[in-house]
Structures are given as structure tokens and as C-alpha cells.
Amino acid sequence: KEPSLRSEFPDSRKTLTERISPMTYQFLIVDDEYFVRQRIRLCIPWKEYGFECAGEAANVEQALHFLQTVPIDLVLLDISMPGPNGLELLRMMKEKNSQAKFIILSGFATFEYARQAIAYNVTNYLLKPINTEELIQAITGIRETLDKNNHLKQERLAWQEARLIAE
């Protein structure tokens, strides 16, 4: 199923309440292991936490292509993959000023990986095998941040609309 693209600005015919209502955020899973991707997709009821899986990528090249064509709010990213690794994708996305949130999934609890991830503003660093409760805690916090950012954008839009009406 092809993911639907969301508009940067909400439909102007909607009321302010409709525009501020909670939205579903899109996430991308990037891991070279098929069964890890499936575990992530199925381990929690994503919709109950306000997320929908927009797609999967088995490597950095696939992820880059996907991220260039589909607006993504959250990326669950393996660090260690053949070819360019997850840290390389983080570097590229930082250069592009990506607003996506990132959760690193790693089988390595090394300080060096964590240090580099922090330098790229990674939201969470989770160890494999994935602990469902830790993942839920991470996405709940990210959801709150995304909601807050979305609410601020909606308030700015409402203020601009009010100013235009007053003119």
C-alpha cells in the first residue's frame, strides 16, 4: 500500500478545532534484518499511540529515497548495517535540516555509538532485543513533542488567519 502524503498546511475549510485535533504521525523502520523490521511493526499497537508505519527500508539508500519522497515524523534506525550505517544516515539528515525524530536501535551498548548519536540529536537510543515498554515510553515522549510542535504551528496559523480577517 502506497503511503499517503500529508499537506504542510491543513485544509483551510476545516475549523480551528479540527486542525488542532490529534493527528497520526508517520514512521519509517530502517533495519537490514527483515525479522527485526517485522518485530518493530508488530510489537505494539502503533495506532493507539498515534503512529502509522509509512514504510520500511533495509539500508540507508532505500531510507534516503523514502525520506525524500514521503514526509516522515519518526525514524526507527539500526546503527549497524552493511554499506553506509545508521550514523551516516543521521549525518545526511542533519545536513538536510530534517525535522524527523530518530530512535536508534542497536545491538551495541558502546559509548562511542551513543556519543555520535547524541551529536546528531537522536531522541532515544534503545538496545536490541527491543524492550516493548522502553519503545512505548520512547514513542510516547516523541508523540508529546510532535503534538506540542503541531499545536504551536496551528496556533500560529490561527493567529495569521485572525489577522487576515481583521484586515
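Cys53 is partly exposed, with a relative accessible area of 21%. Cys43, by contrast, is buried at 16%. The model is a predicted one. Its protein chain holds 167 residues, of which 38% are buried.

**Overall layout**

- The protein chain contains 6 helices and 5 strands.
- Read from the N terminus, the elements follow the order α-β-α-β-α-β-α-β-α-β-α.

- E3 pairs with E1 in the parallel sense, over 4 bridges.
- Within this pairing, Val75 of E3 stands opposite Leu28.
- E3 also pairs with E4, again in the parallel sense, over 5 bridges.
- Here Leu76 has Ile103 in E4 as its bridge partner.

- Gln26 belongs to strand E1, which spans residues 25-30.
- Gln26 has a relative accessible area of 6% and therefore counts as buried.
- The side chain of Gln26 makes a polar contact of 3.0 Å with the side chain of Glu52.
- Asp31 sits in the loop between E1 and helix H2, the latter being residues 34-42.
- With a relative accessible area of 0%, Asp31 is buried.
- The side chains of Asp31 and Lys128 are joined by a polar contact of 2.7 Å.

**The second largest pocket**

- Rolling a probe the size of a water molecule over the atoms shows where empty space is left.
- The second largest pocket holds about 200 Å³ of space.
- Its lining consists of Leu90, Met93, Lys94, Ser98, Gln99, Ala100, Lys101, Phe102, Tyr120, Asn121 and Thr123.
- By residue type, the lining divides into 5 nonpolar, 4 polar and 2 charged residues.
- Helix H4 (86-95) and strand E4 (101-106) each supply at least two residues of this lining.
- H4 gives the most to the lining, with 3 residues.
- E4, which contributes to the pocket lining, is also the strand that pairs with E3 over 5 bridges.

**Lys101 and helix H6**

- Lys101 is one of the residues that line the second largest pocket.
- Thr145 lies in helix H6, which runs over residues 132-166.
- Thr145 is partly exposed, at 34% relative accessibility.
- Thr145 and Lys101 are 44 residues apart in sequence, and their C-alpha atoms are 9.5 Å apart in space.

Terms used:
Residues are numbered from 1 along each chain as its sequence is written. This is a predicted model: local features need pLDDT of at least 70, side-chain atom pairs count only at pLDDT 80 or more; totals for chains, interfaces and linings use all residues. Side-chain values use heavy atoms; hydrogens and water are left out. On a 1 Å grid over the protein atoms alone, a cavity is a set of points where a 1.4 Å probe fits but cannot get out, and a pocket is an open set with protein on both sides within 12 Å along at least five of seven lines; lining residues have an atom within 4 Å of a point. Grid points are joined across faces, edges and corners, and a volume is the space filled by probe spheres set on the points. Ala, Val, Leu, Ile, Met, Phe, Trp, Tyr, Cys and Pro count as nonpolar, Asp, Glu, Lys and Arg as charged, and the others, Gly among them, as polar. Buried means under 20% relative accessible area, exposed over 50%, partly exposed in between (1.4 Å probe, protein chains only). A polar contact is a pair of N or O atoms within 3.5 Å; within protein, one must be able to donate a hydrogen and the other to accept it, and residues adjacent in sequence count only if both atoms are side-chain atoms. Two strands pair if DSSP finds at least two bridges between them.
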